[in-house]
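Dear colleague,

Please find below the structure that I am handing over to you, with its sequence. My notes on the findings follow directly after it.

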Amino acid sequence: VFERCDDLEDLLATALEPRRLYRACLSYDERHRAREAGFRWNHPVAGAWTRRLSEREARALPFPVQPVSA
């Protein structure tokens, strides 16, 4: 693994970033964008597209998201 992966340190740092639950802010007609980005419908928040993301991942999405309060 160490010989095959040139950026192992970066990958490990990215994997260790804290994550929180985010809700996709998309219309019904754009729901396919959330699905394609790995969001899940109705789980764990009923009636919403949600996914656990780091802040960096949330900023990189091509659509707005908002954190789900606990």
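**Strand pairing**

Leucine 21 stands opposite arginine 52, a residue of strand E3. Please note that this is a predicted model, in which local features need pLDDT of at least 70 and side-chain atom pairs count only at pLDDT 80 or more, whereas totals for chains, interfaces and linings use all residues. Residues are numbered from 1 along each chain as its sequence is written, and side-chain values use heavy atoms, with hydrogens and water left out.

Helices (H or I, at least four residues) and strands (E, at least two) are DSSP runs, numbered from the N terminus. Two strands are said to pair if DSSP finds at least two bridges between them. Strand E1 (residues 20–24) and strand E3 (residues 49–53) run antiparallel and are joined by 4 bridges. In this pairing, arginine 20 has leucine 53 of E3 as its bridge partner. E3 also pairs with strand E2 (residues 40–41), again in the antiparallel sense, over 2 bridges. Here tryptophan 41 has tryptophan 49 of E3 as its bridge partner.

Taken together, the strands form an open sheet of 4 strands in the order E2-E3-E1-E4, with antiparallel pairing. Its edge strands are E2 and strand E4 (65–67), each of which pairs on one side only. As a general point, strands of a sheet pair through backbone hydrogen bonds, either parallel or antiparallel.

**Salt bridges**

The structure holds 4 salt bridges, the term being used for a side-chain nitrogen of Lys or Arg within 4 Å of a carboxyl oxygen of Asp or Glu. For the exposure of the residues involved, buried means under 20% relative accessible area, exposed over 50%, and partly exposed in between (1.4 Å probe, protein chains only).

One of these salt bridges is formed by the side chains of glutamate 17 and arginine 56, at 3.3 Å from N to O. Glutamate 17 lies in the loop between H1 and E1 and arginine 56 in helix H3 (residues 55–60), so this pair ties together parts that are 39 residues apart in sequence. Glutamate 17 is partly exposed, at 23% relative accessible area, and arginine 56 is partly exposed at 35%.

The N to O distance is 2.3 Å. Arginine 19 is partly exposed, with a relative accessible area of 37%, whereas glutamate 57 is buried, at 19%.

A further salt bridge joins the side chains of glutamate 30 and arginine 33 (3.3 Å, N to O). Glutamate 30 counts as partly exposed at 30% relative accessibility, and arginine 33 as partly exposed at 25%.

Arginine 35 is found in helix H2 (residues 31–36) and is partly exposed, at 47% relative accessibility.

Aspartate 7 is placed in the segment before helix H1 (8–15) and is partly exposed, with a relative accessible area of 37%.

Yours sincerely
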